[in-house]
Each structure stands twice: as structure tokens, then as C-alpha cells.
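Hi,

Here is the structure I promised to pass on. My notes on it follow below; have a look when you get a moment.

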Amino acid sequence: MQKENYKGVNSIAFTRRFGNDEACLKYLSEIKWEYGYKCKKCGHEKYCNGKKPYSRRCNQCGYDESPTAGTMLDKCKFPLHLAFHIAFKVSTKKKGMSTLELSREFELRQKTCWDFKKKIQQAMKSSKQYKLTGDVFVDEFLIGEKEENKQGRSHGKKRLVIVALEKVKGGVGRAYAKVIEASSSKEFKPFFLDYINKEANVTTDVWNGYKPLRKEYPNLIQIPSADGNNFPEIHIHIMNIKGWLRGIHHHCSKEHLQGYLDEYHFRYNRRNNMDTIFHLLMKRMVENIPIR
């Protein structure tokens with residue numbers, strides 16, 4: 001089967017390509033069986049056409065599998081081409097789209113859009129395969145309203161987030177962020193191990209919670225933050241995240257904050273390859289375990 005991955009960010013061109021459910025099923029089938037067909041029930045590799053468009057029926061046991069079966073698009077509650085368009089908007093627009101905006105544009109219930117967007121955010125989680133290298137800056141920040149008598153790293157009802165940003169020649173590279181419970185080495189270490197190469201030149205502020213990490217990260221140095229003046233790139237990044245959350249989503253509970261951070265950095269880390277971001281998202285939605 002000849003496969004043509006979708007490239008581009010133009011909405012009109014996208015609508016021409018995916019104007020109906022059948023076109024979407026064809027695209028999903030090309031992703032799902034890109035490396036050949038194998039029956040999920042018996043492992044047989046020969047098939048014929050199934051009942052529905054682009055479904056495949058096993059020649060040995062008769063199991064009929066659709067392109068959406070076992071994917072995040074399985075049993076979608078609205079037309080598949082609308083699901084494609086929502087995924088396209090969320091992934092390719094610079095600031096994404098809120099569920100309220102999606103509800104108005106596609107004439108769906110906001111709850112329906114919210115449920116589907118959670119699936120998209122799940123697919124946007126980092127694979128943790130590409131760790132930050134070179135010069136890496138790490139800091140924490142708080143999400144939430146100001147509270148009286150809460151200063152420094154005391155966060156009360158606010159949500160605490162740790163973020164790491166890679167500095168490269170001519171600017172900044174990739175970044176990752178994670179919601180944490182406390183500013184402690186116990187909370188910092190899993191984030192470091194997941195997202196930062198041990199050979200990286202890591203710079204943090206002078207908070208004691210970072211000191212124990214020197215055993216794993218020998219090139220880690222600590223310098224005073226000076227109200228962010230010594231970490232200009234990462235503080236701009238933090239301000240951009242906060243501004244995005246306030247401007248698009250207004251409020252984000254602790255339970256769902258990680259999903260929004262994953263969404264933000266999925267786009268941010270691919271800002272120079274936006275023409276292929278939709279295809280990558282759909283590939284992940286096909287390969288990931290469905291969310292109920």
C-alpha cells in the first residue's frame with residue numbers, strides 16, 4: 001500500500017484531504033498496518049477486506065479488525081473526520097485550542113471535546129527517548145493564584161512544577177516540565193533521570209534540594225538566581241507557559257495540569273517541524289493504548 005504522510009499546517013488543504021470519515025479511515029489503516037498485517041487473535045498474516053471501509057478480515061480465524069480498533073480513536077462518539085480536525089487544530093495552532101473554542105467551532109458538547117482532548121494530551125506525553133544534552137538550565141515555578149503568607153518555596157494550594165530547558169547555539173532547544181509535590185531531591189531526581197543526560201552541563205539555583213543530584217550529574221553547578229536574572233531563557237519560558245495557561249485555559253486543576261504541560265511542550269519541542277506534527281500525533285494515537 002502506497003503511504004503518503006500528511007504534511008502542512010494549512011486548514012483548507014487539510015479539509016480537502018480529510019473531508020470525510022472514509023479518508024480518515026484510509027489514513028489510519030496506512031499507519032496501523034505500515035509494517036504489515038498480523039491478526040490480533042491468531043497471528044495469521046493473510047487477510048481480505050472486512051465489512052467496513054479499510055477494515056481487514058483474517059483469512060484463518062475470520063477476525064474483522066477496523067483501523068480504529070485498539071487505538072485512541074476507537075468508539076469515538078462523533079464523526080471521525082471531526083476528531084481529525086480537532087487533533088489538527090490542537091497540534092498545529094501555536095497556542096492550541098481550548099475545549100470551549102473546539103465546542104463552538106465543531107458544534108460538539110464541551111464535555112465531549114474535553115474528553116477527546118484528554119486523549120490527545122495523553123498521546124502528547126514525552127517518549128523520554130530524547131534527553132536534554134549540552135547546557136541545561138533547571139528551575140521550579142508555581143501555578144495558581146497568590147496566597148497570603150506564602151513565600152519562597154512554600155506553595156500552599158498552588159501547583160509546583162519543575163522545568164528543564166536546553167540552551168543551544170543561537171538560542172534555546174527543547175524543554176520538559178513535570179508537576180511535583182515538593183522542592184526536594186526525592187522529587188527532583190526522577191525528573192532529572194527521565195529528561196536530562198547525565199553528561200549534560202546542568203545549572204540550577206542554590207536550593208539545597210539540588211545538591212544530592214551531583215552524585216548522578218557530576219557537571220551540575222549551582223549559582224544564585226538573582227530573581228531570575230541569571231536564568232533569563234528559562235524564566236522567559238516559564239512566563240510563556242503561565243501566560244498560555246491563563247490566556248487559553250484560565251483555570252487548570254492539579255489533576256489535569258500535567259496534561260497541559262505535555263501538550264505545551266509537545267508543540268514547543270517541534271516548533272521547527274510543524275508540518276509533520278499532525279502525522280506524529282496520529283501515529284501516537286494509533287499506537288497508544290485506548291483511554292476509557
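A word on burial first: buried means under 20% relative accessible area, exposed over 50%, and partly exposed in between, with a 1.4 Å probe and protein chains only. This is a predicted model, in which local features need pLDDT of at least 70 and side-chain atom pairs count only at pLDDT 80 or more, while totals for chains, interfaces and linings use all residues. Residues are numbered from 1 along each chain as its sequence is written, and side-chain values use heavy atoms, with hydrogens and water left out.

Now the aromatics. Rings of Phe, Tyr and Trp (its six-membered ring) pair if their centres lie within 6.5 Å; planes under 30 degrees apart count as stacked, over 60 as edge-to-face and the rest as tilted. The structure holds 26 such pairs. In one of them, Phe14 and Phe18 have ring centres 4.9 Å apart and planes at 50 degrees, so this pair is tilted. Both Phe14 and Phe18 are buried.

Phe192 and Tyr217 make another pair: with centres 5.3 Å apart and planes at 75 degrees, it is edge-to-face. The pair links distant parts of the chain, 25 residues apart, with Phe192 in helix 6 (residues 185–195) and Tyr217 in the loop between strand 7 (201–204) and strand 8 (221–222). Helices (H or I, at least four residues) and strands (E, at least two) are DSSP runs, numbered from the N terminus. Phe192 is buried at 0% relative accessibility, and Tyr217 is buried too, at 1%.

Finally, one aromatic cluster is formed by Tyr6, Phe14, Phe18, Tyr27, Phe84, Phe88 and Phe278.

Best wishes
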